[in-house]
Each structure stands twice: as structure tokens, then as C-alpha cells.
Amino acid sequence: MIKVALVYDFDGTLAPGDMQEYGYLEAIGYPDAKVFWKHCADLAVANDAGGILMSQGELLHEALRHGVRPTRELFRHYGESVAFFPGVRTWFKQINDYGRSIGLDVQHFVVSSGIKEIIEGTPIADEFEQIYACTYLYNEQGEAYWPAISVDYSSKVQFLSKISKGIREAGDSVRVNQYVPNEERAIPFERIIYLGDGQTDIPSMHVVRESRGQSIAVYSNEEKLQLAKTLIEEGRVNYACPADYTEQGRLQQVVKHILEGIALRAVE
């Protein structure tokens, strides 16, 4: 069967809010998540530093300051509490079944600026072929002590290339830059569908659309709706849909329509 990739951002796309807000921030002394994110943003501006990398560091620094051991197990524990938008839990089977019915092997990937270990603890983790997200190095005591991978708006584009070329290793910096003809790629860009909601997704959504794939801006509030409208007007996404993954939702109908188009082109 023909392989198709559905690539998702996580926070604000599959789940409301940021994944660290489902218990972890409170455990490290921030019951008001907005205070933590502003603290990280202020540090990034003051030091002319990357915002994602700064927040990764502060998640560790504040944990240690409050006597919390930031282990893989702890991150995964908080992943169990992450909530999802309507229909997400049943979405994957429904889309997979529909894809198979028209000759497509639909594969799901996450490319997120969130924490990989938290995503691994969620009940939908097994639905993904690969999770590309921020992660840490761990010492002999099993505690995170340094960022290993940081995923910002520019590196998200790199991971799209890895998905297209069939590269699973997040740290691979050699094969990702090698030329691979379109017909030899694991999943050519025209068979990639990207779903995102925020600023860090814009370059990826634009690249996928320009490469003849399909990009969908997902929105769950008025602010995200306005961003989605802007991206449509600027020609950087193909569709804008509410964060409703149920069978009756526009999002599922749009994705099925895109899959039908891929299946039809494959037999031409």
C-alpha cells in the first residue's frame, strides 16, 4: 500500500494548552503556568537566547530548586494526565481504517516543541511511528541534567525531511542532508499532511504546502482562529479546521478528502 504521513504538532493541536501544565509545572513551584512561561520568555529576551531551549533548561533548574527529581518516569507520569481535544482518542483508528479502504497505509508522526518523555506517557503514544520532540540527557541516577534535543520552528522543518526520507534517528545530521530523489523517498512531501496550531508550526506548514503536500491550521479559540485565517490569506496553509477530531467534525472530513486525492493520483 502507498504510505501517507500525518504529522502533528502536539500542544494546542492534539491537546489543549501545554503538556507541562498537566501537573509538572505545579510540582516545580508554578501553580500558575503563565508565570513560568513569562519567566522563560523574559530570560530568553534578556540573554538573546532560544525560547524553547531556555524553557527546557528552566524545567530542570526549577525542578532541582524545589526538590523534584526530573526522571523519565516522572515526565511519563505527568503524560498520563494530558487531556485531548474531542475525538482524538478514536481518530487514529478511524483514519487508519479509512486509509486502508482506499489503498493507503497512513502513518502518524509527532513533531513537537514539547517534551518527548511526557508524550511517551500519554495514552496515544503508541499511535505514532515516531515522536520527534525535545528531550534530555540523563545521569547515572536517572535524572535529566541537560537538553539533548531541542525542537524549535526551524528544526521542525528538518524533522519533516527525516520523515520524508525515512530517517528515524533524531540526531542524524548526515543522511538528512543527502540528496534523495523524490521517487526513492519513504514518503514524498506530496503525501505528507501537516497539522499545527501555532507560531512554531508556520515554517513547516508553509514548506509542506509549497512542496505539494497539505497543511491544516487547527484552532481551538479566537486567537488561534485569527491566526488560521491569516495563514489562509497568506497562502501558507491549505485548510483551517476546528480542533474537533470526531467523525462528524470538519477536520476528519478534510483529511479524508485529502487522502482520497492521494489515492486517486497514485493510480493515474
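A polar contact, as I use it here, is a pair of N or O atoms within 3.5 Å, where one must be able to donate a hydrogen and the other to accept it. I'm working on a predicted model.

**Start of α9.** I looked for such a contact here and found a side-chain oxygen of Asn 221 within 3.2 Å of the backbone nitrogen of Glu 223.

**Length of α9.** I checked the span next.

**Faces of α9.** Which residues of α9 are buried? I got Leu 225, Leu 227, Ala 228 and Leu 231. Seen down the axis, the buried residues of α9 fall within an arc of 160°, so they line one face of the helix. They pack against α8, β6 and β7 (239-242). On the other side of α9, I noted Glu 222, Glu 223 and Glu 233 as exposed.

**α7 against α8.** I then went to α7 (153-165), which packs with α8 at about 35°, axes 7 Å apart. From α7, Tyr 153, Lys 156, Val 157 and Leu 160 meet Pro 203, Ser 204, Val 207 and Val 208 of α8. By class I have six nonpolar residues, one polar and one charged in this contact.

**Positive phi.** Most residues other than glycine have a negative phi, and I looked up exceptions. Asp 48 has a phi of about 50°; I found it in the loop between α2 (33-47) and α3 (51-65). Arg 212 comes in at about 75°, in the loop between α8 (202-210) and β6 (214-219). Asp 48 is exposed at 76% relative accessible area, and Arg 212 is exposed at 58%. Gly 235, which follows α9, also has a positive phi, near 75°.

Methods:
Residues numbered from 1 in each chain as written. Predicted model: local features only at pLDDT ≥ 70, side-chain atom pairs only at ≥ 80, totals over all residues. Heavy atoms only, no water. Helix = DSSP H or I, 4+ residues; strand = E, 2+ residues; numbered from the N terminus. Buried < 20%, exposed > 50% of the residue type's maximum accessible area, 1.4 Å probe, protein only. Axes fitted to C-alpha atoms, helices over the stretch in contact; angles between N-to-C directions. Contact = heavy atoms within 4.5 Å. Nonpolar A, V, L, I, M, F, W, Y, C, P; charged D, E, K, R; others polar. Arc of directions from axis to C-beta.
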